Amino acid sequence: MAASLEELEQRLSHLRTELRGAVRARDKAETARIRRALREAEAAWEHALETEAEPDGEALPAEPPAPQASATTGAPRRTERPAHGSIPIREQVHQALTLLGAPASPKLISSTYEAFFTESLVATKLASLRRDEERSFTAQGYARPYYICAALTHDRLVPARGLLALSTWPVERRIIGPLSPRTDFLTHAVGTAEQIQRLTTAGHPAPDAAWRLLRRFALTIPGAYDAAAPEPDPARVIAAAHAEAAVHQQEDDQQRQAAAQRARTQLSDVHQLFGAAPMRDALRDASGTLS
């Protein structure tokens, strides 16, 4: 039987207490074991939260009162959906990033959330979110199931400008190397297409905004878009994105893994999530030493 949210939250609290003890005791093997257990419990908590939000287990947009027929396809079409209460902005960002599957800009996060969920997400509100999350993590450690954190540059391990990520992702997934912007773009396209497929399978017509978002991705992926079709084919977009990603994947993975290994060796927990201090790196580059 699946654990409840309350049981998982108790387990998370217990694991964090154990982690602090293992770190203080400098027991590397125990620390690694607890971190793995903590990541598994966090993933289970997120799944349980989504299941609680939707009776069928899918985090889906609310069903509109009366779908209208599309002028181009005749298929049911989603109308504008009213908001039902206010969702904290960090949860909005979490939902959008989970769907996209890779670090993303505030503008894309906002567009994705508004395409699939029930409320608007103003991109300008994200400017201070990462700093707030860093302050919270610095003060409380792993007190929350997840944090909105930074993507890291592969060379200096500093925050990648304008990109947000999730703390529950491994470091490799948050590293931005020379090829990563393109491979992450393809990951975003796959995540968007898969969400539309889930909606369709569940009998929930995808919102018009979701189709527009998928079209934006498809237009820049070779073989993903058929101009004669009224809407992009999600399966075709996924196949084309995977085909292009295979060209870049090996080299990108190697660069990310090498940078992630340096991050784990050189950076504290807080800097692995939020990046090393850029100013300190700039001083080092200018003088060869830290002043």
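These legends accompany close-up views of a predicted model.

**View 1. Helices α7 and α8 pack against each other.**
Helix α7 covers residues 180–201, and helix α8 covers residues 208–218. The angle between them is about 145°. Their axes lie 10 Å apart. The crossing of α7 and α8 is left-handed.

**View 2. Side by side: the residues where α7 meets α8.**
From α7 come F185, H188, A189, T192, A193 and I196. From α8 come A210, W211, L213, L214 and F217. Nine residues of this contact are nonpolar and two are polar. None is charged.

**View 3**

**View 4. An open sheet of three strands.**
The strand order is β4-β3-β5. The pairing is mixed. β4 and β5 are the edge strands, each pairing on one side only. Strand β5 spans residues 175–176. In general, strands of a sheet pair through backbone hydrogen bonds, either parallel or antiparallel. Both senses occur here: β3 pairs with β4 in the antiparallel sense, and with β5 in the parallel sense.

**View 5. The hairpin of β3 and β4.**
Strand β3 runs over residues 148–153 and strand β4 over residues 159–166. Four bridges join them in the antiparallel sense. I148 has L166 in β4 as its bridge partner. Five residues lie between the strands. Within this hairpin, L157 takes a positive phi near 60°.

**View 6. The parallel pairing of β3 and β5.**
Two bridges link these strands. L152 is one of the residues involved, and its bridge partner in β5 is I175.

**View 7. Two separate nonpolar cores.**
The largest nonpolar core holds 47 residues. V93, L97, I109 and F116 touch the most other members of this core. A second, separate core has 11 residues. Among them are A150, L157, V171 and A276. In soluble globular proteins, nonpolar side chains tend to be buried together.

Terms used: Residues numbered from 1 in each chain as written. Predicted model: local features only at pLDDT ≥ 70, side-chain atom pairs only at ≥ 80, totals over all residues. Heavy atoms only, no water. Axes fitted to C-alpha atoms, helices over the stretch in contact; angles between N-to-C directions. Left-handed = near helix turned anticlockwise from the far one by under 90°. Contact = heavy atoms within 4.5 Å. Nonpolar A, V, L, I, M, F, W, Y, C, P; charged D, E, K, R; others polar. Pairing = 2+ DSSP bridges. Core = buried A, V, L, I, M, F, W, Y, C linked by side-chain atoms within 4.5 Å. Buried < 20%, exposed > 50% of the residue type's maximum accessible area, 1.4 Å probe, protein only.
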